[in-house]
Amino acid sequence: MSEEKRNFVDEFESPDHYHLDDLLTEEHKLIRSSVRDFVKKEITPFIEGWAEKNHFPNEIVKKFGEIGAFGPTIPLEYGGGGLDYISYGLIMQEIERGDSGMRSTASVQGSLVMYPIYAYGSEEQKKKYLPKLGSGEWLGCFGLTEPNHGSNPGGMETHYEDKGDHYLLNGAKMWISNAPQADIAVVWAKNEEGRIHGLIVERGMDGFTTPETHGKWSLRASCTGELVFSDVKVPKENLLPEKSGLGAPMGCLDKARFGIAWGAIGAAMDCYDSARRYALERIQFDKPIASFQLVQKKLAEMLTEITKAQLLNWKLGKMMDEGKATTAQISMAKRNGVEVALNIAREARQIHGGMGITGEYSMMRHMMNLESVVTYEGTHDIHLLILGADITGIPAFK
Ligand code: TGC
Ligand code: FAD
């Protein structure tokens, strides 16, 4: 399926009111422009059709691999990009400027599948899986959430028993991005002592199925599903040996939440750019609507929030590179980025009037997508509580 939007020209321009490009290296700018060109060619002309038909374009996986969208911070020798965190952020920003679901595909593969194998895996696991994941030959998914345990993953019921020459895995995961198409799943499960470990489960293992989740009004171009394990025999060499406990999956989420902070601002930039153009072109009362103070207020506030978020993201990227970023700092950026993007999508849609509810423009799709982004990788309120615990020293989750 490749229904191109008729007469569609993606004229997106990046707002840079504060000359934040001065904070970027030439390499950063080159990476950003090459991913932006890719998105203009391979995503934006088709995305409304994919979203409308609830279609995940499988062919995008190989293409993402070719442009280095998978695992940008993983070393080159393991099939990653060997880049810094600002580069990773810029790649996520540009892809989500096109669509949050497309960014989901890339950030799950890089931060939630490649990263745990790289950080917690054996040398054999790294050599076996990472190059194929980095190139897009294989697609992976990350199974943490369960039907009865979303915000509270520590309560998970999925478990495995040591059967001598293999582990026997039982349980179910829900709401898993990429699941129906994935070749492998990094699955978090408890052992007989109740300790959480990561296991690599491969498609084709007996008793492992990945039913698709239907009826989503959000992330419609991303595929979501369940992971069901019914007496799945997992070879012992598929256990990630180097880290266990809830901190292992949470460490992956730190990386992915960083990507979301940048990605969401990409969606906001797209909405702002579309609203600015439309306001200048649309005539009411014999004037462009951009000449009315209330429309200018909306645009001025959008640009202010985008600029503030870009600065926050940039500083966070620097701290990630230095290995100094804390989970609470990442929570602040993820929470802020998504809230800013959701507000801007709503305001931009209003500027487009009735046209704003159609697939002629991107805001409605961004807005619906962002309802997932504000929920996954920790809900808006869970990130507030992570910040609250950091500020007061008192966790208020329980
Ligand atoms: P708590 O008692 O706070 O911590 C338990 C253990 O985990 C450690 N830990 C971390 N370690 C490293 N990095 C982090 N970010 C960590 N957060 C916690 C902690 O130090 C402790 O270790 P130890 O050794 O002392 O035992 O845990 P809690 O049970 O009270 O829960 C804390 C809470 C609520 C903050 C956490 O569980 C949480 O963040 N919940 C939200 C769940 C979530 O984010 N799920 C995401 C699923 S994946 C997903 O959504 C992918 S969407 C992808 C896409 O499509 O783009
Ligand atoms: P719940 O935890 O049931 O929360 C419901 C409400 O209660 C929320 O408003 C929440 O903030 C609130 N709440 C919960 N606990 C507290 C508390 N202590 N204090 C105050 N309020 C609280 N998971 C994966 O593992 N892998 C994936 O790839 C993945 N992809 C996803 C893709 C999509 C499209 C979606 C929608 C979700 C995905 N998820 C994935 C799951 C996602 O991480 C969870 O939906 C999320 O963590 C919230 O869990 P829940 O849906 O069970 O909500």
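Reply: A polar side-chain atom of arginine 257 lies 2.7 Å from an oxygen atom of ligand 1. This is a predicted model, in which local features need pLDDT of at least 70 and side-chain atom pairs count only at pLDDT 80 or more, whereas totals for chains, interfaces and linings use all residues. Residues are numbered from 1 along each chain as its sequence is written, chains are lettered from A and ligands numbered from 1 in the order in which they are written, and side-chain values use heavy atoms, with hydrogens and water left out.

Threonine 327 places a polar side-chain atom 2.8 Å from a nitrogen atom of ligand 1, and tyrosine 376 has one at 3.3 Å from an oxygen atom of the ligand. On its own, ligand 1 would expose 1,100 Å², of which the protein buries 70%; such accessible areas come from the Shrake-Rupley method with a 1.4 Å probe.

The space that ligand 1 takes is the largest pocket. A pocket is an open set of points, on a 1 Å grid over the protein atoms alone, where a 1.4 Å probe fits and protein lies on both sides within 12 Å along at least five of seven lines; a molecule sits in one if more than half of its atoms lie within 2 Å of its grid points. Helix 5 (100–120), helix 7 (247–281) and helix 11 (380–392) are the elements that give two or more residues to the shell around ligand 1. Helix 7 gives the most, with 6 residues. Helices here are DSSP runs (H or I) of at least four residues and strands (E) of at least two, numbered from the N terminus.

There are 27 residues around ligand 1, and those that come nearest are Ser104, Ser177, Arg257, Thr327 and Glu377; a residue is near if one of its heavy atoms lies within 4 Å. By class, this shell has 12 nonpolar, 10 polar and 5 charged residues. Asp, Glu, Lys and Arg count as charged, Ala, Val, Leu, Ile, Met, Phe, Trp, Tyr, Cys and Pro as nonpolar, and the others, Gly among them, as polar.

Helix 11 also supplies at least two residues of the shell around ligand 2, as does strand 3 (166–177).

Conventions. Polar contact = N/O pair within 3.5 Å; in protein donor to acceptor, adjacent residues only side chain to side chain. 1 Å grid on protein atoms, 1.4 Å probe; cavity = no way out; pocket = protein on both sides within 12 Å on 5 of 7 lines; lining within 4 Å.
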